[in-house]
Amino acid sequence: MCRVHHGRVHAMTVGLCEDDWELRSVLGRALKAEGFEVATTATGREAVSRFSEEPPGVLILDIGLPDADGRDVCQALRAHGVDSPVLFLTARDALTDRQSGFGAGGDDYLTKPFALAELIYRVRALMRRGGDRPEPVRAGEALRLDPASHAIHAGGREAPLTPTEFRLLAALVARPGQVVRRGHLINAAWPDGAIVHDNTLDTYIARLRRKLRTLGVADQIVTARGVGYSLR
């Protein structure tokens, strides 16, 4: 069962999740000077809590956060129904790193160090792109994903997830009622270049089904034979 996410999108607000205080301060001042409102956070857990309730027009998200991988934070936000464009900041520029960022639901990628003018340009471009997005939906309110602890919460109970299980479930929760193709699930849950056999994906799905049952969650992972899986 799905419901519309009721958090109002703040179109001219830039969300910023960066643990480096100095860089966070510099970016905040630069964005405000360009006329944007800025909402700042310093940890992945704080970002999910704040931006799932108040989605920004664009989210600038550091990958190397102290409590979580920024890519997991992005997936958790997508699973919570947040469809704001995401610009990843990272010190790593390998092709596989960029690919994993896009696979996690990111929209753009900027490598440190960068020019402030380029960041502003990219934010404006993402603002224009984000304005055309449909109203997001989210899965049943029972599920809540925590990227800091790699856990799923439901009905006051918690089940720990491995990083791969977390990313796999987040990809399903982000598209409630839709069949998510096997290739997309593999790209979302495993690093680029990893050798993932069909039975490996199926084994992880079976693990997730067991963990959801222990939480008493009504949502079930349904098999679309030969195509992928969906969460209903």
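In this predicted model, the strands β8, β9 and β10 form an open sheet in that order, with antiparallel pairing.

- Strands of a sheet pair through backbone hydrogen bonds, in either a parallel or an antiparallel manner.
- The edges are held by β8 (144-146) and β10 (157-160); each has a single partner strand, so one side of each is left without a neighbour in the sheet.
- On average, neighbouring strands of this sheet are turned by 25° against each other, direction ignored.
- Strand β9 (residues 151-154) is joined to β10 by four bridges, and the two run antiparallel.
- Opposite alanine 154 stands arginine 157, which belongs to β10.

**The nonpolar cores**

- The largest nonpolar core contains 49 residues, and Leu61, Leu145 and Ile152 have the most contacts inside it.
- Residues up to four places away in sequence aside, leucine 61 touches Cys17, Gly70, Val73, Cys74, Val86, Leu87, Phe88 and Leu89.

**Helix α2**

- Within helix α2 (residues 44-53), the buried residues are Gly44, Ala47, Val48, Phe51 and Ser52.
- Viewed down the axis of α2, these buried residues fall within an arc of 105°, so they line one face of the helix.

**Aspartate 107**

- Aspartate 107 is located in the loop between α4 (95-103) and β6 (108-111).
- The relative accessible area of aspartate 107 is 16%; because buried means under 20%, aspartate 107 counts as buried.
- The side chain of aspartate 107 makes a polar contact of 3.1 Å with the side chain of arginine 78.
- The aspartate 107 side chain also reaches the backbone nitrogen of valine 86, at 2.8 Å.
- Valine 86 is in turn one of the residues that leucine 61 touches, and leucine 61 is among the residues with the most contacts inside the largest nonpolar core.

Key
Residues are numbered from 1 along each chain as its sequence is written. This is a predicted model: local features need pLDDT of at least 70, side-chain atom pairs count only at pLDDT 80 or more; totals for chains, interfaces and linings use all residues. Side-chain values use heavy atoms; hydrogens and water are left out. A nonpolar core is a set of buried Ala, Val, Leu, Ile, Met, Phe, Trp, Tyr and Cys residues joined through side-chain atoms within 4.5 Å. Buried means under 20% relative accessible area, exposed over 50%, partly exposed in between (1.4 Å probe, protein chains only). Contact means heavy atoms within 4.5 Å. The arc is that of the directions from the helix axis to the C-beta atoms. Two strands pair if DSSP finds at least two bridges between them. Axes are lines fitted to C-alpha atoms, for helices over the stretch in contact, and angles run from 0 to 180 degrees between N-to-C directions. A polar contact is a pair of N or O atoms within 3.5 Å; within protein, one must be able to donate a hydrogen and the other to accept it, and residues adjacent in sequence count only if both atoms are side-chain atoms.
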